[in-house]
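Subject: Structure handover

Hello,

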Amino acid sequence: MTQAELNELLNDMSRSEKVEQLVQLHGGFFGNIDVYTGPVVDFHMTADQPYRTGSVLGEHGAAHLKDLQNRMMEKQPHRIPALFMADVIHGYKTGFPVPIAIGSSFNPALAEQIASAAAKEAAASGVHVTFSPMVDLVRDSRWGRCMESTGEDPWLNARMAESMVSGFQGGDYGEKGKVAACAKHFAAYGAVQSGRDYNVTEISEHTLFEDYLVSYRAAVKAGVSMVMTAFNTIDRQPCTTNRRLLREILRKDMGFEGVVISDYAAVSESVTHGSSASLRDAAKKAMEAGCDIDMMSECYLHHLESLIEDGELSESLLDEAVMRVLVLKNRLGLFENPYKDASEEDERSLHFCPEHRELSRRAAEETTVLLKNDGALPLDEKQKIVVVGALADDKEITGSWALFVDESRTVTLREAVQELYPNADTEFFASDEIAGEMLAAAGKADVVVLALGENQNQSGESFSKADISLSKAHAALFEAVYGVNQNIVTVLFGGRPLAVPELAEKTNALVEAWLPGSCGSYALADILFGRVNPSGRLSMSMPYCTGQLPLSYGAFSTGRPKPDMQGFCPFVSNYMDAPNVPLYPFGYGLSYGEVAYSPVRLDSSVLTRDGKLTASVRVKNCGSLPVKEAVQLYIRDITGSVVRPLRELKGLQKIELAAGEETEVCFEITEEMLRFYDRDMNFVSEAGAFTLWIGHDSLTDNGADFRLE
Ligand code: BGC
């Protein structure tokens, strides 16, 4: 449709019809109840009314959605097609590693491929919009939803966000195999107090703009078509009714022109927050704030019309919101083809197809992080290997928010090892029980592989924890095995970085497998047996203990920094009972064989405002396997008008090197990369001294100094 035709359509719509376009319900209102993530409530609707709403949440399947679309359009006075939205977070039918793992690939191009594969599968099932990417920055692994984030770093999250938007949407999401993307949860949901889900966020203006908003800004710049509001408050106001956040920051400052949707029931929850007096008041506030669609509450449905009739709300706000929804439908091509790509035939050829399974496996090759290796890895097929732990044969490693993934097809570690390494001398005790037979076998093994950590039900929405150490059962299992055999390789599963200092100390090799998706166990097996060289890097720091949280490498110097020493030091900033530093830092991860870096070379020690400076290193694979190396650039602004982080990731190149190969890696540094929010919240750079580092992780000391003049 042309814009003129859309205007004509809007003019012709009744007020109630317009309001209904702004209401989103889940499938329960249409006789199905596949997915719901909040309270199931009765919205006091007539039987026909759900069919007149503008969009549906969580429904899927080509045949079903074609039928539902027909039924909905029949009831629509203007035959306006419905939008079908769903949470396609890390795959649709093929499950890919969870987003925290995708962040750990340090490979935005891979994130784009994953999003693109997920889009193809979901589009074939009639899905028009995915509630992804989740771009919330997170530095506290008590929050179960860190599983859905790409990690703690603003710059890396921004690269992941734009790559996922481009993977889902392509250049034009009206095209076949593409879906519209929705960045969520705006804003700073990842900073909920104490890591407890749905809690409030208390955040400084600087931290909000400098760290938490960066990835949203990148998603908007990449053309994301929707943004979802967050459950939390900011500045003591729920995000969904927060006018400054939605109208000033998102729309005006960031230039977002797409559709804003509330999170599930979040409009009505502003009443529970105590910032709206009634559902009617909540509807008014959310509409004025700029929230276009009300997901799963009756606020808009029952109150928008009367608010306008009573002169309490301007009809132009309603029109504006409805037009944005119509424009989205139009860009998806729904007025011409309301089913978009829904096709049973394409479902058959695309869902869980060999190409996507292969991508799921390849992805996990890059998302698995080798944290420690005293030489126990890789395993040798001739060794007697005993594998212990329920997670070694658990399909619930696919990942939370793998709503539509066929979990029965997820390959477990046991299945992968037995299929790929049939000649290896392995024995599996896939249980967490400390049984005599298991201990006897473990005692006689050359090496024990222990599968520990959390399965997919231990993290995700609402699954916050106050203690992120290893569970008592797993700690006891480890100790029991350690008592009979001290050559242990530990594989940690889970959607959050756990605090496992005892494992780091006692195990000979430690592998962070995250929740690797449908076929990730193949990659894990290949890494364990050395067929694949691990190349994942931590997208979140791993703490020693829960009390260190929130934790990030991008911290600030205090006025009393701790001197370089072990143990407690009085009257400086440190803990009596824990170090300041993480167990393993952001960006950290090992490969088999050393990758050596030459000292950093700068082509000049001075950067002018309109000039550029080139920083380079030579990187050599000294090992005997090909390696993928995430070469990381960090910068520190030594002095600023406001305090500046100790270092910030500013560049990344994931390169591949054959055994023995050496190459030069260059980064261009420009003034723009040095900007930050100054005392008056102007985004500027300040002349002065800087240090940059290029190396393997956020602890690298391979640095050089320069000045901005
Ligand atoms: C979650 C969102 C999700 C929505 C729809 C909410 O509970 O916070 O991330 O997109 O449900 O399923």
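Buried means under 20% relative accessible area, exposed means over 50%, and partly exposed lies in between, with a 1.4 Å probe and protein chains only. This is a predicted model, in which local features need pLDDT of at least 70, side-chain atom pairs count only at pLDDT 80 or more, and totals for chains, interfaces and linings use all residues. Residues are numbered from 1 along each chain as its sequence is written, and side-chain values use heavy atoms, with hydrogens and water left out.

Helix α20

Helices (H or I, at least four residues) and strands (E, at least two) are DSSP runs, numbered from the N terminus. In α20, Gly520, Ser521, Tyr522, Ala523, Leu524, Ala525, Asp526, Ile527 and Leu528 are buried. That is 9 of the 9 residues of the helix (520-528), so α20 is largely enclosed by the rest of the structure. Its buried residues pack against α15 (354-367), α16 (413-420), β15 (488-493) and β16 (509-514). Contact here means heavy atoms within 4.5 Å. Gly530 follows α20 and has a positive phi, near 80 degrees.

Helix α17

In α17 (residues 436-444), the buried residues are Met438, Leu439, Ala441 and Ala442. They fall within an arc of 165 degrees seen down the axis, so they line one face of the helix. The arc is taken over the directions from the helix axis to the C-beta atoms. Gly436, Glu437 and Lys444 are exposed on the other side. The cover over the buried residues includes β12 (384-388), β13 (425-429), β14 (447-453) and α18 (472-484).

Nonpolar cores

A nonpolar core is a set of buried Ala, Val, Leu, Ile, Met, Phe, Trp, Tyr and Cys residues joined through side-chain atoms within 4.5 Å. The largest one has 211 residues, and Phe186, Tyr300, Leu304 and Leu326 touch the most other members. Helix α5 (residues 108-124) gives the largest share of this core, 9 residues. A second, separate core has 24 residues, including Val600, Leu613, Ala615 and Ile669. Beyond its neighbours within four places in sequence, Tyr300 has contacts that include Val19, Leu22, Val267, Met287 and Ile293.

Pocket and cavity

On a 1 Å grid over the protein atoms alone, a cavity is a set of points where a 1.4 Å probe fits but cannot get out; a pocket is an open set with protein on both sides within 12 Å along at least five of seven lines; lining residues have an atom within 4 Å of a point. Grid points are joined across faces, edges and corners, and a volume is the space filled by probe spheres set on the points.

The second largest pocket has a volume of about 810 Å³. Of its 29 lining residues, Trp155, Arg159, Val214, Lys650 and Phe683 are the closest to its centre. The largest share of the lining, 5 residues, comes from α6.

The structure holds 5 cavities of 30 Å³ or more. The second largest cavity has a volume of about 50 Å³. Ile89, His90, Gly91, Ile102, Ala111, Ile114, Ala115, Ala118, Met164 and Phe168 line this cavity. Helix α5 gives the largest share of this lining, 4 residues.

One more residue

Ser116 lies in helix α5. Ser116 counts as buried, at 17% relative accessibility.

Best wishes
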